[in-house]
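Subject: Model for you to look at

Dear colleague,

I am passing on the structure we spoke about, with my notes on it below. Please open it alongside this message and read the two together.

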Amino acid sequence: MDAVIIGAAETDVLGRNPDQSVLGLNVEGGLRALADAGLEPGQIDGVAGAYSPHGVAHALGITPRWVDSTNVGGCSFLMHVRHAAAATAAGHATRVLVTHGESGRSRAGTVPRPRDPRSWTGQFEEPYGARPPYTRFTLPALRYLHDHGLDETALAQVVVAQRRWSSRVPRAGRRDLMTVGEVLAAPALAWPFTIPMICMLTDGGGGLVVTASGHATAEQLRRSVKVLGTGEGSDPLLVAQAPDPAGGSAARRAADDAFAEARIGRSEIGHVMVYDAFAHLPLIGLECLGLAPVGKAAELVAAGETSPGGSLPLNTNGGGLAYTHTGMYGMFAIQEAVRQLRHEAAAQVPGVSTSAVLGYGGMFTASSVLILARD
């Protein structure tokens, strides 16, 4: 694969931004990514995003000849990078701008999402109260804990580890260090989750510019991040129909495809970002990526291996649990991986040259994986 990320940036404000609409956040994220790449909108001929990419293109003055509006939830942006890489390789686009913007907290300009009683979930899950994300993630989390002889302490240890990272990141929304006892004693929202085990709710966005290396300038290549491998997949929309009751089968398939395409081994990964809307997902994610034996990820976290100074730095911005989470977090996981590989991160991992990024979407029913690297 010859694709590179030559521009990456987030919106200026992450957290609460009631004066910025969803469209405005997408536009700002796109403009900042273009500025990072040293490009003007007229040099872009491909656009991608989960929110009206053609509308974003119009607002930016871009006339695209390739458009991707894939929306399977929070991992959509990883898929956009994959699709953009394929588009630039095929000559369907020269430079692709991927944008994200979401007013998850303020709800400014947010498109309504009414219930659909005719849908799978509308018929078979929502009538029983399983609509908000925290009500649909509980059963897979409990099944994972049960199958591996774990309890809520394993979830609390994930929070503790990620706060060690976020405490070093000025832009992180939750920077206070916590102990396992404090996490367990926090108010519960839906068993087994206490509030620190559940992601933040914020406003924000970001953008990425993807192209083939042959279309990048020497200066762009100097700061570029290579897309070595990609993968994606989906599972049934109903939790009750998941092939793996603890979740993660789509993620495993996506990871296998990404590593096969990247042609590197798991042992060569020096940095990891796993979508963490809830505290059990980093555990499952490490195992789906093949970076921890099944049922053993909690031991790595408890031993400090995913914390600063550990052998497998994970979610180094604090993740969705502590950095930001607008509703679809995947864009921010990619952004942190790019920062780490460029050696520009607030909590920088020394000498990192490879990163695996795993995203989940659609209430754990879709997944995508990127393997990124920099010389």
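V96 has V210 as its bridge partner in strand 7, and this belongs to a set of nine bridges that join strand 4 (residues 95-103) to strand 7 (residues 203-212), the two running antiparallel. Here helices (H or I, at least four residues) and strands (E, at least two) are DSSP runs, numbered from the N terminus, and two strands are said to pair if DSSP finds at least two bridges between them. Also between these two strands, T99 stands opposite G207 of strand 7.

Before going further, please note that this is a predicted model, in which local features need pLDDT of at least 70 and side-chain atom pairs count only at pLDDT 80 or more, while totals for chains, interfaces and linings use all residues. Residues are numbered from 1 along each chain as its sequence is written, and side-chain values use heavy atoms, with hydrogens and water left out.

Strand 7 also pairs with strand 1 (residues 3-10), in the antiparallel sense and over seven bridges, with V4 of strand 1 having T211 as its bridge partner in strand 7. Ten of the ten residues of strand 7 are buried, where buried means under 20% relative accessible area, exposed over 50% and partly exposed in between (1.4 Å probe, protein chains only). In a regular strand the side chains alternate between the two faces of the sheet. In strand 7, D203, G205, G207, V209 and T211 point one way, while G204, G206, L208, V210 and A212 point the other way, and all are buried.

These strands belong to an open sheet of nine strands with mixed pairing, in the order 3-2-4-7-1-8-11-10-9. Strand 3 (66-68) and strand 9 stand at the edges, each with a single partner strand, so one side of each is left without a neighbour in the sheet. The twist averages 20° from one strand to the next, where angles run from 0 to 180 degrees between N-to-C directions and axes are lines fitted to C-alpha atoms, for helices over the stretch in contact. Helix 14 (residues 330-342) packs on the sheet and touches strand 1, strand 4, strand 7, strand 8 (225-234), strand 9, strand 10 and strand 11, its direction making about 110° with that of strand 1; contact means heavy atoms within 4.5 Å.

Towards the other end of the strand order, strand 10 (residues 354-361) has eight of its eight residues buried, so it is largely enclosed by the rest of the structure. Strand 10 pairs with strand 9 (residues 272-274) in the parallel sense over three bridges, and V272 stands opposite A356 of strand 10. With strand 11 (residues 366-373), strand 10 pairs in the antiparallel sense over eight bridges, and Y360 has S367 as its bridge partner in strand 11. Strand 10 and strand 11 form a hairpin with four residues between them, and G362 in the turn has a positive phi of about 60°.

The contact is made by L23, N26, V27 and L31 of helix 1 and by G55, V56, A59 and L60 of helix 2.

With best wishes
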